[in-house]
Structure formats: structure tokens, C-alpha cells
Amino acid sequence: MDDAIFISPEVQEAAEVPLTVLREDGRSDPDLDPDLPKEFLLRMYRTMVLNRELDDRLFKLQRQGRIGFYLTCTGEEAAVIGSVAALNDEDWLFPSYRETGLPLWRGVPVRKFVAQQYGNAEDNVKGRQMPVHTSFREARIMSISSPVGTQIPQAVGFAWAAKIVGDPIVVLVYFGDGATSEGDFHTACNFAGVFKVPVVLFCRNNQYAISVPLKRQTAARSIAVKAVAYGFEGVRVDGNDVLAVYVATKRAVEKARSGGGPTLIEALTYRIGAHSTSDDPRRYRSEEEVQQWYAKDPIERFRRYLEWRGYWSELQQESLLEEVRDLINRTIEEVEKVPPPPVESLFDDVYARMPRHLQEQKEAYLAYLKEADRWRS
Ligand SMILES: Cc1ncc(C[n+]2csc(CCOP(=O)(O)OP(=O)(O)O)c2C)c(N)n1
């Protein structure tokens, strides 16, 4: 009994202080700065700005009744872009629904992303999913499911399969703090730890699961500390610091690729906007709290760093905003002209080769539509 160590909540303190690279004044910690090339930094910045502008615009389009639903990532852009930038393009991504930055970073045309919001003929998923529930196999981004946390065991299984066949990819899976209350999170962590799977478990801790605050998700002092119980490393990073997120993810990815197994990254950030267009956050949190976090805008913080490095100016900022807004406006104008998916596409993709009974149903349905048309005219 005397030798026994009781693990108290105080020992969790170590995992509470987030890793930070960017200081408020725009300078960086010289020991931690990854010294990324200028072009790479500017690409990260542009993607964050594009993500923010696209979110703003699509949110408004929902309000105008032009799309049915939307979820923004406002305030969380550094967590998303800082992490994806640390992977290779061959690595696979398993997003939740708040990572619009992933297809933007991987070069999926904005038009393709917007088409999915409209569910039109250019939509990869042929209008069969809600907006934001994208699928970009061509960019190695898994399709998004609505149920919270289901992507976590899927990602771990995918990574385990890659390990078995000797494919040197890493899988990165995104989820919110609310998802850590789901059994799927714990099942996935346990499995990943036991089988030393090449996966990075990335929690965007934006402090709310719709209206439920973080303290109702866990009594632990951080989410990162949970990794310890599953036998692997966890780290809490400042999720509004794009370079800190990059540094932590890069380390986790390299470890996973060299056979070191999983890491749990907790990016501590804040959801500035509503959960979705179906939510009114004023009903459960104060404006003062939101404003405090608004002042910690990850895009502004990164911009100060770029300015300090001599890579960015007011003039460049203006022309970037003009370029991005122009791209979004043009895209929406074009996408709104695209027709819905053809009715017969309803029968596609169920089987690799359409079986006879489905072929018959398809023909019967098309004949019915033709007949109905004839009666209408
Ligand atoms: C299994 C399940 N339970 C409940 C819901 C309803 N729901 C949708 S999103 C959400 C909150 C998720 O919060 P979090 O994981 O923190 O992610 P965030 O939205 O903050 O990014 C809930 C409860 C759902 N989609 N699936």
C-alpha cells in the first residue's frame, strides 16, 4: 500500500498548458518556430482566409434560402490548416463536418465544394447528402457522416489495414470535444494503442458540443491527458496558433509513419459562430465570452507573424481579399446555373454493375415519369 501511487487530478496539470509558438505581438518562439518556406506560409494563410470568406458567404446563402444548411469553422481555421499542412498528400483524412479547409488545402476546386452545398449535377455525392457532408476520394478525404464520432474507429481501422499491407500512409482523424464523450472515441483509442496504429487523433476542442460546454463533457483537466490511459502520447496545443498546431502534428505524423503508433492532439480553440445554421448560440453563452475569443482570431495572429517576417503588407491583404471574394462570387454564380443531378442517377453506385432487378426498377420509374409528364401536359 505504501508503494502504491494514487494518480490524482493534479498530475494532469502538465497536460493543461498548451504548446504555443506564435506570440501575441506576431513574433515566434525561436526554439519552436519550424522555419517554413515563405511560399508554404503564404499558402497556409491564403487557405485560412479562403476558408473564412467561403464560410461567411455560405452561411449567408443559407439565410437567403439558397442552400438548406451550413456549418462554419470561424475561429478554428488554424487548427484545421495547421494540421493538414503537416501531412503528405498521400495521407488520408477522416473529417467531421467542420473541416472545409481540408479540401481547400488539398486543391479540390472551390466549385466542387460549393456544388455539394447545392446537391447539383456536379456534386460528387449526387445530391444524396446534406450540405457540408462532402466526399473527396480524389483528395484522399473520406466522406463525412452526421453521427458524432463514428469516423474515429473507421479511421483507426483504415490505418490498421494500411499497416498490415505495408502502405506507409498516416491517417488523421478530426473530431470535436463532444465526440470524446462517445464510446466510439474510447474504443478507437484503445484499439489504436494496442495495435500501434499509424493514426493521429485530432480533437478540435472548441469548448462546446452545440449548447453543452466542455466541463459537461469531461472532468479531466484536458482532453490530451486521456491518451495516457490508452498507452500513447497526448499533447494540448494552442489551437489558434497555426505554427504550434503544425509543429505538434508534424511530430505526431513522423512518429506514426516510423512505426511509433498513435498520438492524441487536442487543439484548444473556440467556436466563434453558431454550431450550425439551425442553432442560436446567444441562448447558452454570453456575448462577452465570444468577444474575448474573437480578439484571439487565429488569422489575425498569423498575419502579424507574416508581417513581422516581412512577407505580408496591407496592400497584399487587400488584393488577397479581392481575389478570394471574386473567386467565391464567380463560383456561386456559375454553380447556381448547374442543373440537379439526372433522376436516373438515383440508381447508380449501389452496385459496381447494376443487377437486373435494379435495371428493371430504373426502367419502370423512368416510364412512370414519362407517363406522368404526358398527363400533366
Ligand atoms: C451520435 C450523435 N449524437 C448526437 C448528435 C447531434 N449532434 C450533432 S453535432 C453535435 C455536437 C458535437 O460537438 P463536438 O463533437 O464538440 O463538435 P463541434 O460541433 O463542436 O465541432 C451533436 C450533439 C449526432 N449527430 N450524433
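On a 1 Å grid over the protein atoms alone, a pocket is an open set of points with protein on both sides within 12 Å along at least five of seven lines. A molecule sits in a pocket if more than half of its atoms lie within 2 Å of its grid points. Select the ligand to begin: it sits in the largest pocket.

The model is predicted, so local features need pLDDT of at least 70 and side-chain atom pairs count only at pLDDT 80 or more, while totals for chains, interfaces and linings use all residues. Residues are numbered from 1 along each chain as its sequence is written, and side-chain values use heavy atoms, with hydrogens and water left out.

Next, select the shell of 16 residues around the ligand, meaning those with a heavy atom within 4 Å of it. Tyr97, Arg98, Gly178, Asn206 and Tyr208 come nearest.

An N or O atom in the Tyr97 side chain is 2.7 Å from a ligand oxygen. For Asn206 the distance to a ligand oxygen is 2.9 Å, and for a polar side-chain atom of His275 it is 3.3 Å. The protein covers 71% of the 590 Å² of accessible area that the ligand has on its own (Shrake-Rupley method, 1.4 Å probe).

Note on methods
A polar contact is a pair of N or O atoms within 3.5 Å; within protein, one must be able to donate a hydrogen and the other to accept it, and residues adjacent in sequence count only if both atoms are side-chain atoms. On a 1 Å grid over the protein atoms alone, a cavity is a set of points where a 1.4 Å probe fits but cannot get out, and a pocket is an open set with protein on both sides within 12 Å along at least five of seven lines; lining residues have an atom within 4 Å of a point.
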